[in-house]
Amino acid sequence: MKHPKIPLAQTVIQLCKAKNIQHIVLSPGSRNAPLTIGFTHDPFFKCYSIVDERCAAFFALGIAQQIKHPVAVVCTSGSAVLNYYPAVSEAYYSHIPLVVLSADRPKYLVGIGDGQTINQEDVFKNHIQYSANLKQDLNPEKQNAFAEDLPIIKSIENKIEKYLGLQQSIQHQNETEINKALNTAITTQGPVHINIPFDEPLYQMVDQLSVNPEVIPFSNSEIIEEDYSAFAEIWNNAKRKLVLVGVLQPNSIEQQYLDILAEDESVLVLTETTSNLHHAKFCPSIDKLIGALTEDQLKKLQPEVLLTFGGLIVSKKIKKFLRAHKPKHHWHVAKNGANDTFFVLNKVFKQSINSFFTQFLPLTKAVKSNYNPFWSAQMEIRREKHQDYIATIPFSDFKAFDLILSSIPNQHQLQVGNSSAIRYTQLFDLNPTLEVFCNRGTSGIDGSTSTAIGASVANTKPTVFITGDLSFFYDSNALWNNYIPKNFRIIVINNEGGGIFRILPGHKNTDNFDYYFETKHQLTAKQLSKMYGFEYVKSTTKNDLALALNDFYKASEAPKLLEIFTPSRNNDSILLDYFNYVK
């Protein structure tokens, strides 16, 4: 088997292998050649070649999202590494283990005007769990590269001894840093950056490894020393307890704990599409429940205790409600800390939610209350009103989402783009067999398609990706990808612009608004589909959409893209009227 000649490259590759980091997403370049050579010549690694670094990083993030283990992205020096930043920030806020391996110029070539050279060390410092800035191996043929560490020594023997000692010290420091970075990615489930300087020659290969790096194991034990008695007493004395669940991996909470919460009349559980939690007594579609409530109704909903867990919350309405109607107590459960989203957080249980429930729920008791029965009944009324409203509206974004979400077959993975796509999806009760994902760490439209494709590669279930037109065209390089499964499906809602801006306060239907905010366009995905080998279908009415969906999920020899054209002018009024209608 061939290996790169450079010891530092060998060290990085061997330690990735030791930590079972198998998926490697590479972007073409010269400075990263030693890493590319090593990864691609070792059959242990599953390597992918993605040209666009921004797409590559989100593709890797999609894989890591599914396998919940670090995935590495490898790039050359210069601006290439900066293109990773959107995905790095998403991984940081979504707790996804992404490992950035950036090749760099040697220090003596940085800051002198050399091409493809920027200040790469600590470039992600505000959105990274750990940054490892490695040292370049000593090169006896280029003493200027280590002149500061290797003064001229008359004795040849002393010079060799000094060289070997310095190289051994550098090797030890690099091993320590790489181990620490990779262990951090595993234990924190977050992104890390390893910056790796290489000097030329870059393409030399050897048949035998020259280094055998130390593998430092990681510690992931969960030692909890918490006295829950005072919290249990507060819980047991409260008649209005709200449990709010953010982003969660499917099947991440034991059913027995969900059943205990569901049977307590004083507990109302609000979930989101991205929570992947389902129970007959839970309330999904938060905005459907609390949209357009009066002040008296909001006070009736105001909890005494708010318990939150999972990732970030999509619903703006629940954020506004809880910031204005603060609970007396807000507790959050998360191993990696919490956000004070509602400005009243007073306790963080730094443990897994299953561990918390195992120790906390046995101390609690069901409390007689009208809190859950009342709001559950309200939710049923809103479900009925929801169906009535759907029957009255014309073809629109809302109508399209109703048809799409009810058409997705069982046991599919659903990836949802940001902005309007996820907010519409939140209004519907989804098929509980679906696994739902969305990049809610930073909630950006960049990278949603790339993430969905990466997730489809790592998940054996068929994947459906729903996105808006601006998000789709923004990330269209995602389709420049040789690994897209045949059962991958994209649904583009094309309302000829950023429709969500029509929902927000502003001066609509003006040239300024259309051009600078909504970004009106006449683009279509048809040509992109043809270029990248997708089967393309379009629809412009309710009837032809229903007809298209009948065949859309059937097996095919190529992935499929369905583009749905909806009128842009009335989507906002249809959505805003909905909340008053279902109240």
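Q: Which residues is Q66 in contact with, leaving aside its neighbours within four places in sequence?
A: Q66 is in contact with Q413, Q415, F437, A455, A458 and N459. Contact means heavy atoms within 4.5 Å. This is a predicted model: local features need pLDDT of at least 70, side-chain atom pairs count only at pLDDT 80 or more, and totals for chains, interfaces and linings use all residues. Residues are numbered from 1 along each chain as its sequence is written, and side-chain values use heavy atoms, with hydrogens and water left out.

Q: Where is Q66 placed, and is Q66 buried or exposed?
A: Buried means under 20% relative accessible area, exposed over 50%, and partly exposed in between (1.4 Å probe, protein chains only). Q66 has 12% relative accessibility, so it counts as buried. Its place is in helix α3 (residues 53-67). Helices (H or I, at least four residues) and strands (E, at least two) are DSSP runs, numbered from the N terminus.

Q: What joins the side chains of S102 and H193?
A: A polar contact is a pair of N or O atoms within 3.5 Å; within protein, one must be able to donate a hydrogen and the other to accept it, and residues adjacent in sequence count only if both atoms are side-chain atoms. Here a polar contact of 2.7 Å joins the two side chains. S102 lies in strand β5 (residues 98-104). Its relative accessibility is 0%, so S102 counts as buried.

Q: How are two packed helices described?
A: By the angle between their axes and the distance between the axes. Axes are lines fitted to C-alpha atoms, for helices over the stretch in contact, and angles run from 0 to 180 degrees between N-to-C directions. Take α14 (residues 397-407) and α21 (residues 542-552): their axes come within 10 Å and cross at roughly 20 degrees. That makes α14 roughly parallel to α21. Angles under 35 degrees count as roughly parallel, over 145 as roughly antiparallel, 65 to 115 as roughly perpendicular and the rest as oblique.

Q: Which residues of α14 and α21 meet?
A: K399, A400, L403, I404 and S407 in α14 meet K542, L545 and L549 in α21.
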